[in-house]
Amino acid sequence: MKNKGKYYLTTAIAYTSGKPHIGNTYEIILADAIARFKRQEGYDVFFQTGTDEHGQKIQDRAAQAGRTPKEYVDATAGEVRRIWDLMNTSYDKFIRTTDEDHERQVQKIFRIMHDKGDIYKGEYKGMYCKECESFYTESQLVEGKCPECGGNVTPASEEAYFFKMSKYADRLIEHIKTHPEFIQPESRKNEMMNNFLLPGLQDLCVSRTSFSWGIPVDFDPRHVVYVWLDALTNYITGIGYDGDGNHTELFKKNWPADLHLIGKDIIRFHTIYWPIFLMSLDIPLPKQVFGHPWLLQAGGKMSKSRGNVLYADDLADIFGVDAVRYFVLHEMPYENDGVISWELMVERMNSELANTLGNLVNRTIAMSNKYFGGIVENRDVHDDQGIDADLASHREALVGLVEEKMDKLRVADALTEIFNLFKRSNKYIDETEPWKLAKDPEAQDRLATVLYNLMDSILTGTTLLSSFMPETAEKIFAQIGAEAVDYEKLSESGNYPSGTKVTDKPEILFARMKIEDLQDRIDAIEATQKARIAALTGIKEEEPKEEAKEESKEEEAAPITHKETCTYDDFAKCEFRVGEILECEEVKKSKKLLCSKVKIGPNEVVQICSGLRPKYTAAEMVGKKVMVIVNLAPRKMAGLESQGMILCAEDPDGSLSLMVPEKKEFPAGSEIG
């Protein structure tokens with residue numbers, strides 16, 4: 001196969017504060033699918049992942065667990081790697097920020113930046129969030145809380161080194177404008193430009209003195225290098241960057257990175273801080289940074305303290321590794337958040353994996369054994385209705401469709417295209433009715449051709465499926481007696497070797513399930529979650545807060561407090577309309593706000609921020625018809641302008657429910673009065 005050149009792909013390095021849940025694990029599976037597909041295309045891939053192991057949070061948690069920080073991160077880094085390996089990910093390098101060569105290069109990098117005048121010593125005074133390991137000014141807080149995680153902040157003042165971010169800001173803005181592919185999806189780019197770069201960058205704190213678990217600044221050892229300068233540089237130190245200029249051949253070959261794959265919550269660090277650090281080092285910028293959405297458990301973002309966490313190993317124990325890989329890859333939209341639950345896993349297991357794929361392979365092998373002793377032969381007897389030609393067109397077009405989707409990082413769409421071929425093949429069975437052909441002695445050559453066409457389609461689809469579900473693909477190859485097709489031949493028909501014998505004992509690839517049959521296992525998994533975390537870290541997880549019990553007697557409920565009486569004229573000033581939510585995304589600086597684009601008339605769209613995240617995901621909001629006030633004076637909310645209000649009902653417990661029109665066909669802009 002022709003070598004298409006190098007392709008350097010990285011994930012964010014996982015923070016070693018605990019066992020990664022399925023939302024964290026999604027990223028490594030996504031990266032692995034991309035890496036495998038690039039290798040299949042003919043690229044020389046280098047795929048790097050790893051762990052981020054320094055910081056105050058690690059030092060504090062290690063102390064709580066009665067361990068040294070190194071003992072603590074050794075355990076958690078080992079657990080991260082175990083999960084990555086369990087999910088069959090094909091990384092080439094697993095870097096740890098406690099690796100000696102990484103630490104040595106970070107010290108060199110810090111000195112280079114300092115000697116260049118990009119880093120200077122000063123004093124930091126502000127509000128500090130230990131969870132995010134970030135400083136904020138009072139104006140950056142949201143309701144007195146951290147704008148990133150919503151957690152508590154404390155006043156902090158300490159001597160620190162700072163990086164002059166503004167020195168490179170104009171250069172970065174120009175780069176983003178002239179390289180539209182640099183930040184993807186487009187909405188992430190707009191967020192970075194409008195919320196951070198264009199308003200002006202503040203200098204960044206890059207060292208700390210209030211804790212010791214970090215890489216010492218070699219010329220001022222009272223300071224340790226602050227987390228982001230340490231962590232981000234792994235992308236170059238891991239492939240052999242040397243601050244003295246003695247770079248390895250691996251670095252010379254692979255840098256700049258072709259893709260940094262990260263979660264949307266750390267897009268700012270990778271598209272502002274990291275490029276500016278590279279500019280300071282006179283190193284080319286990565287070609288693309290993709291901020292993928294979150295995988296949420298039904299009901300909201302996963303949180304150990306809330307007790308709503310799913311782990312990859314628990315899911316794999318019940319469904320199998322490839323079923324988990326399929327689910328997280330297929331259910332994640334390109335830009336909006338995806339949702340996972342036990343019920344959704346079972347539904348996809350039955351409908352897509354057992355019915356569409358497993359049933360197709362099993363039926364085709366079974367019919368080949370029943371009618372021809374397992375020999376699959378192309379006898380070139382085709383129909384005159386175009387059924388064979390239609391299946392062939394789907395088969396031959398598949399590689400182009402998958403390649404187009406993967407080039408745009410639309411991995412879920414690529415997987416859908418593969419399953420569309422499997423669905424078309426199942427339809428082909430219904431159209432050709434092999435069981436009827438088998439009863440006609442004169443139709444045996446036609447029957448053989450039908451089974452060959454099916455096997456040829458299975459082989460094509462499975463070859464492409466191998467990047468997403470590698471173990472399943474190997475099982476199918478073994479059962480149909482064929483190997484993966486060379487990528488350059490995938491757009492052709494006739495790749496399945498005529499005369500091949502299939503297995504006489506086909507294996508059930510995916511068994512159908514019932515959620516009620518799994519309930520005991522699910523209950524056991526959920527009951528032991530906290531014990532498993534405690535065994536790993538030595539820290540008992542915070543128990544989720546018990547929900548307040550509903551009062552059954554109406555007279556015991558708290559009395560309603562009414563607002564001041566207003567006149568009809570006051571009320572008449574409010575303009576209520578039906579709005580249709582066209583787009584919705586979470587507001588970065590708030591744990592409560594969603595920002596929606598709301599259509600309030602034939603050609604009128606407004607932006608409305610609303611505190612609905614505790615109840616609704618961004619994906620759930622899109623397409624809803626809601627009641628809105630459209631003539632409120634605009635106001636700033638977490639740095640964004642809100643041009644109206646979405647109306648909700650709220651019960652005494654704080655639960656929210658959107659006010660929606662009884663008839664969904666009411667057009668956007670319909671007046672409410």
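1. E433 is partly exposed, since its relative accessible area is 26% (buried means under 20% relative accessible area, exposed over 50% and partly exposed in between, with a 1.4 Å probe and protein chains only). E433 lies in the loop between helix 15 and helix 16 (434-437), and its phi is near 50 degrees, a positive value in a residue other than glycine. Helices (H or I, at least four residues) and strands (E, at least two) are DSSP runs numbered from the N terminus.

2. On the basis of the note: this is a predicted model, in which local features need pLDDT of at least 70 and side-chain atom pairs count only at pLDDT 80 or more, while totals for chains, interfaces and linings use all residues. Residues are numbered from 1 along each chain as its sequence is written, and side-chain values use heavy atoms, with hydrogens and water left out.

3. The mean pLDDT of the protein is 89, and 90% of its residues reach 70 or more, pLDDT being the predictor's confidence in each residue, from 0 to 100. Over residues 541-561, however, pLDDT stays under 50, and for this stretch the model has 14 contacts beyond four places in sequence (contact means heavy atoms within 4.5 Å). Where pLDDT is low, the predicted coordinates should not be read in detail.

4. A second residue with positive phi is L409, which is not a glycine and has a phi of about 60 degrees. L409 sits in the loop between helix 14 and helix 15 (411-432), and with 9% relative accessibility L409 counts as buried.

5. Two cis peptide bonds deserve a look. One runs from Q184 to P185, with omega near -5 degrees, and P185 belongs to the loop between strand 8 (183-184) and helix 6 (186-197). Another joins W255 to P256, with omega near 10 degrees, and P256 is placed in the loop between helix 9 (249-254) and strand 12 (259-263).

6. Helix 17 (residues 444-465) and helix 18 (residues 470-480) have axes that come within 10 Å and cross at roughly 155 degrees (axes are lines fitted to C-alpha atoms, for helices over the stretch in contact, and angles run from 0 to 180 degrees between N-to-C directions). That makes helix 17 roughly antiparallel to helix 18, where angles under 35 degrees count as roughly parallel, over 145 as roughly antiparallel, 65 to 115 as roughly perpendicular and the rest as oblique. On the helix 17 side M455, I458, L459, T462 and T463 meet A473, I476, F477 and I480 of helix 18; by class, this contact has 7 nonpolar, 2 polar and no charged residues (Ala, Val, Leu, Ile, Met, Phe, Trp, Tyr, Cys and Pro count as nonpolar, Asp, Glu, Lys and Arg as charged, and the others, Gly among them, as polar).

7. The loop between helix 17 and helix 18 holds S466, which counts as buried at 17% relative accessibility. Not counting residues up to four places away in sequence, S466 touches R36, Q40 and A473.

8. The buried residues of helix 18 are P470, T472, A473, I476, F477, Q479 and I480, and they pack against helix 1 (22-41), helix 12 (321-330), helix 13 (342-372), helix 17 and strand 17 (500-501). Just after helix 18, G481 takes a positive phi of about 70 degrees.

9. Helix 14 (residues 387-407) and helix 17 pack at an angle of about 10 degrees, with their axes 10 Å apart, and are therefore roughly parallel to each other. Helix 14 contributes D388, L391, R395, L398, V399 and V402 to the contact, and helix 17 contributes R446, T449, N453, D456, S457, T460, G461 and L464. By class, the contact of helix 14 with helix 17 has 5 nonpolar, 5 polar and 4 charged residues.

10. The axes of helix 11 (residues 312-319) and helix 13 come within 12 Å and cross at roughly 40 degrees, so helix 11 and helix 13 are oblique to each other. L315, I318 and F319 of helix 11 make this contact with W342, M345, V346 and M349 of helix 13, and by class it has 7 nonpolar, no polar and no charged residues.

11. D337, in the loop between helix 12 and strand 15 (338-340), is buried, with a relative accessible area of 3%. Its neighbours within four places in sequence aside, D337 is in contact with K264, P293, W294, L296, E586 and A619.
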